[in-house]
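Let's take a walk through this model together, with the sequence and the coordinates open side by side. Please have a look at both before reading on.

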Amino acid sequence: MTTRTYKVTGMTCEHCVNAVKGELSEIDGVTAVDVDLAAGAVTVTSREALESDTVGAAVDEAGYALAGTVD
């Protein structure tokens, strides 16, 4: 298992949280997604390391922007 935390910009409410969680959960291998709305942090747990482009595309599909990793 691999866990990585990403900085996501543009999230302001629970609808945002649910949209981001939904898109990231659809990535093959993702087992858990945790969003800290106040910090703008999204922690993704997956069976194998994910490409940043894959995570970025899912966040973009949800309507937000990936601003890098926290860890």
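**A guided tour, starting on a helix**

Let's begin with threonine 54, which is found in helix H2; helices (H or I, at least four residues) and strands (E, at least two) are DSSP runs, numbered from the N terminus. A word on the ground rules: this is a predicted model, in which local features need pLDDT of at least 70 and side-chain atom pairs count only at pLDDT 80 or more, while totals for chains, interfaces and linings use all residues. Residues are numbered from 1 along each chain as its sequence is written, and side-chain values use heavy atoms, with hydrogens and water left out.

Is threonine 54 buried or exposed, or in between? With a relative accessibility of 34%, threonine 54 counts as partly exposed. Here buried means under 20% relative accessible area, exposed over 50%, and partly exposed in between (1.4 Å probe, protein chains only). Between the C-alpha atoms of threonine 54 and aspartate 28 there are 10 Å, and the two are 26 residues apart along the chain.

That brings us to aspartate 28, in the loop between H1 and E2. Aspartate 28 has a relative accessible area of 71%, so it is exposed. Setting aside neighbours within four places in sequence, its contacts (heavy atoms within 4.5 Å) are Arg47 and Leu50. The C-alpha atom of aspartate 28 lies 19 Å from that of valine 17, 11 residues away along the chain.

Now let's see how the two helices meet. H1 (residues 14-25) packs against H2 (residues 52-62) at an angle of about 140°, and their axes are 8 Å apart. The axes are lines fitted to C-alpha atoms, for helices over the stretch in contact, and angles run from 0 to 180 degrees between N-to-C directions. H1 and H2 are therefore oblique to each other, since angles under 35 degrees count as roughly parallel, over 145 as roughly antiparallel, 65 to 115 as roughly perpendicular and the rest as oblique. Which residues make the contact? H1 contributes Ala19, Val20, Glu23 and Leu24, and H2 contributes Val55, Ala58, Val59, Glu61 and Ala62. By class, this contact of H1 with H2 has 7 nonpolar, no polar and 2 charged residues; Ala, Val, Leu, Ile, Met, Phe, Trp, Tyr, Cys and Pro count as nonpolar, Asp, Glu, Lys and Arg as charged, and the others, Gly among them, as polar.

As for valine 44, its contacts beyond four places in sequence include Leu24, Val30, Ala32 and Leu50.

Our last stop is a pair of strand residues. Lysine 7 lies in strand E1, and glycine 68 in strand E4 (residues 65-69). Lysine 7, at 34% relative accessibility, counts as partly exposed, and glycine 68, at 27%, also counts as partly exposed. Beyond four places in sequence, glycine 68 touches Tyr6 and Lys7, while the partners of lysine 7 include Ala39, Gly40 and Gly68.
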